[in-house]
Amino acid sequence: MSKLKRIAVLLVALLVAMIIVSFVVGSVVNMIVPPSEASSTDKIVEDIGGDNVLTATLDGCLKLSEDNIADGSFKTRLGQELSWRNAKNISYVDTYGNHGYMIVWKGDSSDYPSLSDNSKGIYISDSLESMKGECFLWHPSQNNAVYGIIVNTDEVVCTEHELLYDILGLNITEFPPTYQQTSYSTSYSDGSSHYHTVVPDRYTLSRTDPGAYYDHYEYGDNYAIDDYLESEGYD
């Protein structure tokens, strides 16, 4: 092998070695010193329960850690005492460098009697009193489990609307908000406005029960709907 070829092979070998070392060093640094912020392309996707029933997606967030945690309890703004079972805590950072965490779990419906006594399925959506955060618990009618998520809001802003529709991807018609009201809703006879089943949105309500629409919304609240009702003889 000529001297020139040996030099070329040596240079290629050195380049490969430098790339490998850089990758290893970068990985070690990322583990020891977590990134200060996420990029806009980062995303966390968590299949709560691992059965594709309820999935949480955080866009623009980078996962920092994921740990199983002991069973615990929390208190909602309305004073409800609830708990998580077999949960894990996922911490993350967003594109602004704010740190947050979410607790997710799938529990047996027998541990949540207030959620399991209805065959149609029932959910709770509320802010928390025991910590800064938003919670959502759901018992689907088709199985015997309760799915839960808590998003901490110490640094990361998260409203009920963002949790239900941006993070969990739920349909606002099937899961209307319970305290940041944007649509007509009904509740169970136990008196808690935070226990809900599927109810119509404003558009559907105006066509199925105009009287209820006018009972719950002021005239001029939605001109497109009001024009429709006027054309049907309501005023």
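**View 1. Cysteine 61 is a buried residue.** Its relative accessible area is 7%, where buried means under 20%, exposed over 50% and partly exposed in between (1.4 Å probe, protein chains only). Cysteine 135 is buried too, at 0% relative accessibility. This is a predicted model, with residues numbered from 1 along each chain as its sequence is written. Local features need pLDDT of at least 70, side-chain atom pairs count only at pLDDT 80 or more, totals for chains, interfaces and linings use all residues, and side-chain values use heavy atoms, without hydrogens and water.

**View 2. Cysteine sulfurs form zero disulfides in the whole structure.** A disulfide here is a pair of cysteine sulfur atoms within 2.5 Å. Cysteine 61 is in none. The nearest cysteine sulfur belongs to cysteine 158, 9.9 Å away.

**View 3. Strands β1 and β2 form an antiparallel pair.** β1 covers residues 43–48; β2 covers residues 54–59. Six bridges join them; pairing requires at least two DSSP bridges between strands. Strands are DSSP runs (E, at least two residues) and helices likewise (H or I, at least four), numbered from the N terminus. Lysine 43 stands opposite aspartate 59 in β2. Five residues lie between the strands of this hairpin, and glycine 49 takes a positive phi near 90°.

**View 4. The protein holds six helices and 11 strands.** Of its 235 residues, 38% are buried. Among contacts (heavy atoms within 4.5 Å) with a separation of 6 or more, 48% link residues 24 or more positions apart.
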